[in-house]
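Try each task before reading its solution.

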Amino acid sequence: MKMIPVSEPLVTAREVEFVLDCLRTGWISSAGKYLEQFETGWAEYCNMPYGIAVSNGTTALQIAVRLLDLQPGDEVIMPTFTIISCAQAVTYCNGIPVLVDSNPYNWQMDVTQIESKITPRTRAIMPVHTYGHPTDMDPVLDIAKKYGLMVIEDAAEAHGAEYKGRKCGGFGDISIFSFYANKLITTGEGGMVLTKREDLAERTRSLRNLCFQKKQRFLHDELGYNYRLTNIQAALGVAQLERIDQIVERKRAIAAAYAEQLKDIEEIELPIEEPWAKNVYWVYGIILKENTGINAAQFAQKLAEKSIETRPFFLGMHEQPVFHKVELFINEKYPVAERLARQGLYIPAGLTIRESEIEQVCEAIRDILITH
Ligand SMILES: *Cc1c(COP(=O)(O)O)cnc(C)c1O
């Protein structure tokens with residue numbers, strides 16, 4: 001039996017048309033109208049004045065942290081429950097990621113713990129809108145203002161999500177997106193840095209392109225990167241951006257179908273939507289309660305036997321051997337993130353999933369929980 005995939009990109013005739021246009025006109029590299037359209041279109045959608053497309057979300061974070069000009073030992077506060085791209089962007093700049101546990105209810109950074117983590121070395125806060133649900137941004141922004149900190153908003157999982165009616169990615173001094181194949185909007189591989197500040201936008205453009213100078217191209221006064229996106233990739237993004245409202249609606253409909261069919265199963269916790277939030281359910285995560293006697297890895301195995309693909313939740317940064325080797329996060333404990341990592345997994349919820357497949361997944365979950 002064919003596996004039901006966790007997610008599959010949906011490519012339409014519009015993407016094909018735009019990509020072919022690049023090929024036919026020869027605009028296949030890192031300049032062209034689709035790049036400009038994608039940058040301005042996405043920045044406008046997020047209500048940010050400047051958008052600079054880059055090669056992926058990880059490189060977007062690297063540039064975002066570079067913009068902070070960290071001194072060795074400077075600190076950036078972030079959730080432990082996130083992708084390694086966040087923490088490594090800081091360590092690459094000789095900074096120190098300072099971790100915060102998750103909120104057990106909405107799975108985002110527990111914003112009540114941020115202030116206790118501030119030291120004289122703190123330079124920035126990096127909220128991550130995880131799995132399509134926004135972080136509670138008002139406390140983050142208030143604390144940042146009170147202590148004079150920058151906010152880098154990682155919105156790579158929250159295209160179209162809203163906090164108090166405003167789009168995620170529109171709150172930070174700098175925000176970043178990923179357009180990897182499994183994200184709500186994809187360019188295959190791709191990312192973007194958004195910012196409110198013209199100077200940071202200018203510097204991002206420079207860092208993205210090896211810090212070539214305008215007047216004298218091969219004279220450099222800073223070390224940059226080649227993190228350019230191509231016009232072909234941007235063409236995919238422009239086509240997808242035209243459909244973003246539909247994409248968000250479809251994701252929410254998939255989540256609503258799961259919520260309806262799974263709501264009476266006591267053994268699992270489902271994703272929630274805070275009253276101040278619009279969740280885009282980038283993935284549909286479920287948590288197995290401990291009293292079921294089964295953990296996420298065992299459950300994933302049983303679902304795989306029923307041809308249903310799943311993915312594990314993040315393993316917190318404080319549990320990563322790569323950081324322990326450099327004496328980071330030794331003996332730190334974040335119980336909520338640890339529980340999410342062990343008991344959470346996400347189930348198929350890609351744009352191509354059919355209603356019958358959603359039913360099949362729910363039936364399988366029920367079966368396993370009854371018979372295990
Ligand atoms: C996907 C993702 C990234 C990295 O994006 P890539 O394009 O895969 O490098 C960064 N942060 C978060 C929260 C992500 O989910």
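The model is predicted: local features need pLDDT of at least 70, side-chain atom pairs count only at pLDDT 80 or more, and totals for chains, interfaces and linings use all residues. Residues are numbered from 1 along each chain as its sequence is written, and side-chain values use heavy atoms, without hydrogens and water.

**Exercise 1**

Task: Describe the largest pocket by volume, lining and residue class.

Solution: 
- List the lining. It has 23 residues, and E202, R205, S206, N209 and K214 lie nearest the centre. A pocket here is an open set of points on a 1 Å grid over the protein atoms alone, where a 1.4 Å probe fits, with protein on both sides within 12 Å along at least five of seven lines; lining residues have an atom within 4 Å of a point.
- Find the helices. α2 (33–45) and α6 (198–208) each supply at least two lining residues. α6 gives the most, six residues. Helices are DSSP runs of H or I, at least four residues, and strands are runs of E, at least two, numbered from the N terminus.

**Exercise 2**

Task: Which domains give residues to the lining of the second largest pocket?

Solution: 
- Take the volume. The second largest pocket holds about 270 Å³.
- Take the lining. Of its 21 residues, I83, S85, A156, S178 and K183 are closest to the centre.
- Check the elements. α3 (57–66) and β8 (174–178) each supply at least two lining residues. α3 has the largest share, three residues.
- Assign domains. Domain 1 (13–241) and domain 2 (244–371) both contribute, so this pocket lies between them. The bounds come from an automatic or database domain assignment.

**Exercise 3**

Task: Which residues are closest to the ligand?

Solution: 
- Count the neighbours. 13 residues surround the ligand (a heavy atom within 4 Å), the closest being T58, D154, E157, S178 and K183.
- Inspect polar contacts (N or O atom pairs within 3.5 Å). A polar side-chain atom of T58 is 2.6 Å from a ligand oxygen. For E157, a polar side-chain atom is 2.5 Å from a ligand oxygen.

Note on methods
Grid points are joined across faces, edges and corners, and a volume is the space filled by probe spheres set on the points. Ala, Val, Leu, Ile, Met, Phe, Trp, Tyr, Cys and Pro count as nonpolar, Asp, Glu, Lys and Arg as charged, and the others, Gly among them, as polar. A polar contact is a pair of N or O atoms within 3.5 Å; within protein, one must be able to donate a hydrogen and the other to accept it, and residues adjacent in sequence count only if both atoms are side-chain atoms.
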